[in-house]
Amino acid sequence: EKDGYDWFMRKEIFEQPRAVTDALLGRHTESGRLQLDEVRMSEEELRDVDRIVIIGCGTANYAGLVAKYAVEHWTRIPCEVELAHEFRYRDPILTRNTLVVAISQSGETADTLMAIRHARAQNAKVLAICNTNGSTIPRESDAVIYTHAGPEIGVASTKGFMTQMVACYLLGLYLAQVRGTMYGDEIGAVVAELGRIPGHVQGELDKSPEVYELAAALAERPAVLFLGRHAGFPIALEGALKLKELAYIHAEGFAAGELKHGPIALVEQGLPIFCIVPPRGRDQLHDKMVSAIQEVRARGARTIVLAEEGDTEVLPSSAVRWRRCSATTWTSRATWPSPSRSSERRGRRVIVGVGIDVVGVDRFAETLE
Ligand code: M6R
């Protein structure tokens, strides 16, 4: 049932706060321990893991790429991410201490299924992150974390992606707990941050009319780029994928550091570029993204910046009016000249928040020391 929405995908986008809440439900006990009941692997087995290989296709692969930064940081276990359809046709080096994490919303993607069979044949342990209870991939895995997003009928993954990232983060924290690479209060602090995501996402969903206005401005563009760094890079890839499959617009995601190694050649007057900017401070990533933004603006690109609320360093000029937004730590904004000529004359700019996919970046960046 579409519950009054015109499309399943729109319904599922609006279900994201609830989906994330459900993905987190019952994971953190009052004693402060994280519990993942469905992970049917002993703590001893998890302590022995010396390498993690995350596999999946499309969006699931991007969720894995986002998670890699946090999982390695928290657990100190080397973690690599590979497309399942590439993995299944090569001869990977796997041992009984390799944990293969298979991400799949449907639990039925043939390449991912074949990839886990390939891994298990070489004695690797397989843990599935899946949304569909009783589907083939979790049934053929050693362990499973269900994402509890509820049915995802829309072809484009939305709440599925969001909850896959959350499940990966929970897995990373759980491994850190078992292996003692994080203290209980550190884990609790991250879980508490994850618990604030539904509120942040709802704040972004409440800005939908402005997002529609931005979408209208983009509709006639032949191409759109997405730029990010660190966990913002796979978010850029996912953003480009969404635009391709839903709007049939040619879209590419790049790591901002790659710009000068070729892709800058694509940047021309008027090209829309989504720029995913991590929060200020803590490391150099923010400033690096700001210089990438300046570089593409100098070549005439129209930037749509997703940044922390109040981050004035990403502004193109002091003339831009900022709309007061709710006090979320991660309020994404975008500047875009209005498609209407009369409003252009008034110098009006559309300020948009579209941070749904980006919350994970912020949540992780806040844990970096
Ligand atoms: O069901 P799965 O997660 O295994 O599906 C994998 C991909 O086909 C899927 O993530 C696809 O890329 C998205 N639906 C695109 O939005």
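Two strands count as paired here if DSSP finds at least two bridges between them. Helices (H or I, at least four residues) and strands (E, at least two) are DSSP runs, numbered from the N terminus. This is a predicted model, in which local features need pLDDT of at least 70 and side-chain atom pairs count only at pLDDT 80 or more, while totals for chains, interfaces and linings use all residues. Residues are numbered from 1 along each chain as its sequence is written, and side-chain values use heavy atoms, with hydrogens and water left out.

**Strands and sheet**

Let's start with strand 8 (residues 272-276), which runs parallel to strand 9 and is joined to it by five bridges. Across that pairing, Cys-275 sits opposite Val-305 of strand 9. How much of strand 9 (residues 302-306) is buried? Four of its five residues are, so the strand is largely enclosed by the rest of the structure; buried means under 20% relative accessible area, exposed over 50%, and partly exposed in between (1.4 Å probe, protein chains only).

There is also an open sheet of five strands, with parallel pairing and the order 2-1-3-4-5. Its edges are strand 2 (79-83) and strand 5, and each has a single partner strand, so one side of each lacks a neighbour in the sheet. On average, neighbouring strands of this sheet are turned by 20 degrees against each other, direction ignored; the axes behind that angle are lines fitted to C-alpha atoms, for helices over the stretch in contact, and angles run from 0 to 180 degrees between N-to-C directions. Within the order, strand 1 (residues 51-56) pairs with strand 3 (residues 98-104) in the parallel sense over five bridges, and Ile-55 faces Ala-102 of strand 3.

**The ligand**

Which residues come nearest to the ligand? Of the 13 around it, they are Ser-104, Gln-105, Ser-106, Thr-109 and Glu-245, where near means that a heavy atom of the residue lies within 4 Å. The table lists polar contacts, meaning pairs of N or O atoms within 3.5 Å; within protein, one must be able to donate a hydrogen and the other to accept it, and residues adjacent in sequence count only if both atoms are side-chain atoms.

| Residue | Protein atom | Distance to a ligand oxygen atom |
|---|---|---|
| Thr-59 | polar backbone atom | 3.2 Å |
| Ser-104 | side-chain N or O atom | 2.7 Å |
| Ser-157 | backbone N or O atom | 2.9 Å |

On its own the ligand has 410 Å² of accessible area, and the protein covers 80% of that. Such areas come from the Shrake-Rupley method with a 1.4 Å probe; for residues, only the protein chains shown count as cover.

**Cysteines**

With a disulfide taken as a pair of cysteine sulfur atoms within 2.5 Å, the count is zero. For Cys-57, the nearest cysteine sulfur is that of Cys-130, 13 Å away. Cys-57 is partly exposed, at 22% relative accessible area, whereas Cys-130 is buried at 1%.

**Loops**

Asn-123 belongs to the loop between helix 6 (110-120) and strand 4 (125-130) and is partly exposed at 46%. His-148 is in the loop between strand 5 (143-146) and helix 8 (159-179), also partly exposed, with 34% relative accessibility.
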